[in-house]
Amino acid sequence: MNKHDVIRSVAEQENVNQMSWGHLAWLVGAAQMPEAEQTLGVVTIQPGKRNPLHSHPNCEELLYVISGECDHKLGDELFHLASGMVIRIPRGVKHWAKCTSAEPLVAIVSFSAPDRRTDNFEGDEIA
């Protein structure tokens with residue numbers, strides 16, 4: 001078995017998506033590991049910034065906060081998350097996260113499909 005088919009490190013990632021609000025580093029998914037059955041990455045959102053309103057039509061998402069805090073809009077509700085908390089975002093539900101702490105929000109994002117799809121409702125940036 002090839003090491004790169006089963007192990008990834010954020011420090012080694014060359015394909016980090018930089019956006020005006022922060023960045024996404026993808027570790028596992030169909031593009032990174034062709035036999036993967038899930039998608040996993042690390043998202044960083046800068047203080048006072050948020051990612052665009054979006055949804056995922058083919059999978060649910062879990063967002064686990066490692067550090068920082070955020071307000072997370074999920075459908076019509078707003079939830080506050082801090083380090084150690086997780087939110088489950090059902091398939092197709094519109095959502096965004098806004099960093100509310102002085103330090104960046106760093107979170108693990110996990111999706112139930114290897115080819116996470118996104119419908120954006122604000123602008124063209126990746127969410």
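Gln32 lies in the loop that links strand 2 (22-28) to strand 3 (39-45); strands here are DSSP runs of E with at least two residues, numbered from the N terminus. The model is a predicted one, in which local features need pLDDT of at least 70 and side-chain atom pairs count only at pLDDT 80 or more, while totals for chains, interfaces and linings use all residues. Residues are numbered from 1 along each chain as its sequence is written, and side-chain values use heavy atoms, with hydrogens and water left out.

Because its relative accessible area is 15%, Gln32 is buried (buried means under 20%, exposed over 50%, and partly exposed in between, with a 1.4 Å probe and protein chains only). Apart from neighbours within four places in sequence, Gln32 is in contact with His4, Arg8, Trp26 and Leu27, where contact means heavy atoms within 4.5 Å.

Val93 counts as partly exposed because its relative accessibility is 25%. Setting aside neighbours within four places in sequence, its contacts are His54, Ser55, Leu74 and Gly75. Pro57 is 36 residues from Val93 along the chain, yet their C-alpha atoms are separated by 8.3 Å.

Turning to strand 5, Leu62 has its place there and counts as partly exposed, because its relative accessibility is 35%.

Terms used. Helices (H or I, at least four residues) and strands (E, at least two) are DSSP runs, numbered from the N terminus.
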